Amino acid sequence: ARATRSSSASVNKLRSRISIITMTSDVRDYEAALQTIGSLIFSRTRADGSSWQEDFNTVHTCVKHLGLEEDLPKMSVIHVAGTKGKGSTCAFVESIMRTAGCSTGLFTSPHLVDIRERFRFNGKPCSQETFTKHFWVVWDKLQAAATPEAPMPTYFRFLTLLGLHMFIHEKVQVVILEVGLGGRWDATNVVPAPVVCGVTSLGYDHVELLGHTLALIAGEKAGIFKPNVPAFTSPQDPEAMESLERRANELQIPLTVVSPLNMLFNKLDPASGSDHLTLGLAGSHQRLNAALAITLCRTYAQRVPNPPPALAAGEEMFTEQGMLPACYVEGLQTCTWPGRAQVLHDDEVLEGQGSLTFYLDGAHTEESMVECARWWAESVMPSESSEKQEPGEGGPMATQRFMLFNCTMERDPNKLMKPLAAMVKERNLAFARAIFVPPDSSTNIKPTSGDKDTRWQQKLRHTWQTITQTDGTSGKQDTAGGGSSPSQTNDANDANSSSDTATTAVIPSMHKSIEWFREQARARPAVRTQVLVTGSLYLVGDMLRIIRRGVPL
């Protein structure tokens, strides 16, 4: 009884704090919505101590409070889970469907710059007007129904409910839902009858919640499978595949391993104007995601009553000629997905002052870091043609390379860094400096700038030093080296105040890090400056926020 009273007191305290936030002003605009939703970011653990499953069950109750219980089963949904590539796969699917003439709604997480990126209509983040209109309707209904026993949903669950409310009332034709975490108890799994389900490559992530084996993780991902709904998966480790198959057999549904991309079609539709398929997302691993996306779109076209004419005609091309239709080709080739294998040139370093290019990849698992390292090496390795260029003074243009890294504290930095260090050594692409920086944001709606506590970044720096000193890559810069060194102390206020021989450093803010890279580029205008930014989507989001000055992606 004492525990119950304590739990109820905690919930009432939280609800009071939320009420104070929403009642301090009569203004109910976009900024007020951001402030209000920020009140839900308080903990991964519910205030009443309930389990993940119990928390998921409240989502069904919220659906009823919002009056969505009749419309939700009618919504045409493509549902995608996985460890690696689920966001990219969803982006491919959305791009194909939109190119084929469908009105689309895409729900993904996390956002990088602006919360509205989580809710895309026809490929673009929802407008402030649309967000604000739906936010207050959802907020008011859920808050009116909240009780100590059934409080407001947590942050991600609220956003999922908001997205479903938007897509239903804005009447999009197809909704692509990316699972947030796991699958079985994820808020997106409230959708009772998707058209088709997909699972991307599986690996070890969120093991504290999903389990410490691939079998357990795969079992959670397979939780999105539904009766009478076909499921498809990218090739998996046998242990993971066994779990996926077990769940499919329990539901008596087909589970198909998707064929490699080059086996899905024989040729491209001449109407596409292309004789070779070049994916819009970089990296060889994207071929797996593109293959799954094609299969999910084809299955959608086969299962819905009245598919768009382009998809229907495309099915005939696939079946009769083995041809990849133009809408698929264009969708795959024009697809963009910010923060994943993205190359960004910094316009602040003007022509004649130098060259500064950021290579952004939000890889944050061991498996995705392997792909990131491969993409980085393929992107920056000089081609034969570039080696033959004469940059004015004769000889190939020199390059100085840096790394900007951070990961969240629940990650194992040793596992994340080793694949990158191995690729650096293999390709002789060592960094002149490896910089470690705390993020401006995590799940915050409005990130804070300024210097941060850098104790975790000091640990990351030490980990990198240990790895690179062991394998002999420390301090080896392939074509340039040099550059002034940022301070290696917690008080790294002077970004140019350390020894020239330092190969690692900690800088206490993103803004200072970016300015330091700009200084390096301007100090050596005849040298290409390349920076790999990786380890966390939050880190990549902070970089994009600063470079793009807050413009949504």
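1. The crossing of helices H5 and H6. In this predicted model, H5 passes H6 in a right-handed crossing, where a crossing is called right-handed if the near helix is turned clockwise from the far one by less than a right angle, and left-handed if anticlockwise. Helices (H or I, at least four residues) and strands (E, at least two) are DSSP runs, numbered from the N terminus. Two packed helices are described by the angle between their axes and the distance between the axes. For helix H5 (residues 128-145) and helix H6 (residues 155-169), the angle is about 120° and the axes lie 10 Å apart. That makes H5 oblique to H6, given that angles under 35 degrees count as roughly parallel, over 145 as roughly antiparallel, 65 to 115 as roughly perpendicular and the rest as oblique. The axes are lines fitted to C-alpha atoms, for helices over the stretch in contact, and angles run from 0 to 180 degrees between N-to-C directions.

2. How the model was read. Residues are numbered from 1 along each chain as its sequence is written, and side-chain values use heavy atoms, with hydrogens and water left out. As the model is predicted, local features need pLDDT of at least 70 and side-chain atom pairs count only at pLDDT 80 or more, whereas totals for chains, interfaces and linings use all residues.

3. The residues between H5 and H6. H5 passes H6 in a right-handed crossing, and the contact (heavy atoms within 4.5 Å) is made on the H5 side by Thr 130, Phe 131, His 134, Phe 135, Val 137, Val 138, Trp 139 and Leu 142, and on the H6 side by Phe 158, Leu 161, Leu 162, His 165, Met 166 and His 169. Sorted by class, this contact has 10 nonpolar, four polar and no charged residues. Here Ala, Val, Leu, Ile, Met, Phe, Trp, Tyr, Cys and Pro count as nonpolar, Asp, Glu, Lys and Arg as charged, and the others, Gly among them, as polar.

4. Helix H10 (residues 286-303) and helix H11 (residues 309-321) pack at an angle of about 115°, with their axes 9 Å apart. That makes H10 roughly perpendicular to H11, and H10 passes H11 in a left-handed crossing. From H10, Ile 294, Arg 298, Tyr 300, Ala 301 and Gln 302 meet Leu 311, Glu 315, Phe 318 and Thr 319 in H11; by class, these residues divide into five nonpolar, two polar and two charged.

5. The eight-stranded sheet. Eight strands form an open sheet of mixed pairing, in the order E4-E3-E2-E5-E1-E6-E7-E8, where two strands pair if DSSP finds at least two bridges between them. Its edge strands, each pairing on one side only, are strand E4 (124-125) and strand E8 (255-257). Strand E2 (residues 104-107) is joined to E5 by four bridges and runs parallel to it, with Phe 107 standing opposite Leu 177 in E5. H6 lies across E2, strand E3 (119-121) and E5, and runs at about 15° to E3.

6. Five of the five residues of strand E1 (residues 77-81) are buried, so E1 is largely enclosed by the rest of the structure; buried means under 20% relative accessible area, exposed over 50%, and partly exposed in between (1.4 Å probe, protein chains only). Both faces are covered, with Val 77, His 79 and Ala 81 on one side and Ile 78 and Val 80 on the other. E1 pairs in the parallel sense with strand E5 (residues 174-178) over four bridges, and Val 80 has Glu 178 as its bridge partner there. Four bridges also join E1 to strand E6 (residues 196-199), which runs parallel to E1, and Ile 78 stands opposite Val 196 in E6.

7. Lys 86. This residue is found in helix H4 (residues 86-99), and at 13% relative accessibility Lys 86 counts as buried. Leaving aside neighbours within four places in sequence, Lys 86 is in contact with Val 80, Ala 81, Glu 178, Val 179, Gly 180 and Thr 200.

8. The six-stranded sheet. Six strands form an open sheet in the order E11-E12-E16-E13-E14-E15, again with mixed pairing, and the twist averages 20° from one strand to the next. Seven bridges join strand E13 (residues 399-405) to strand E16 (residues 528-534), which run parallel, and Gln 530 in E16 is the bridge partner of Arg 401.
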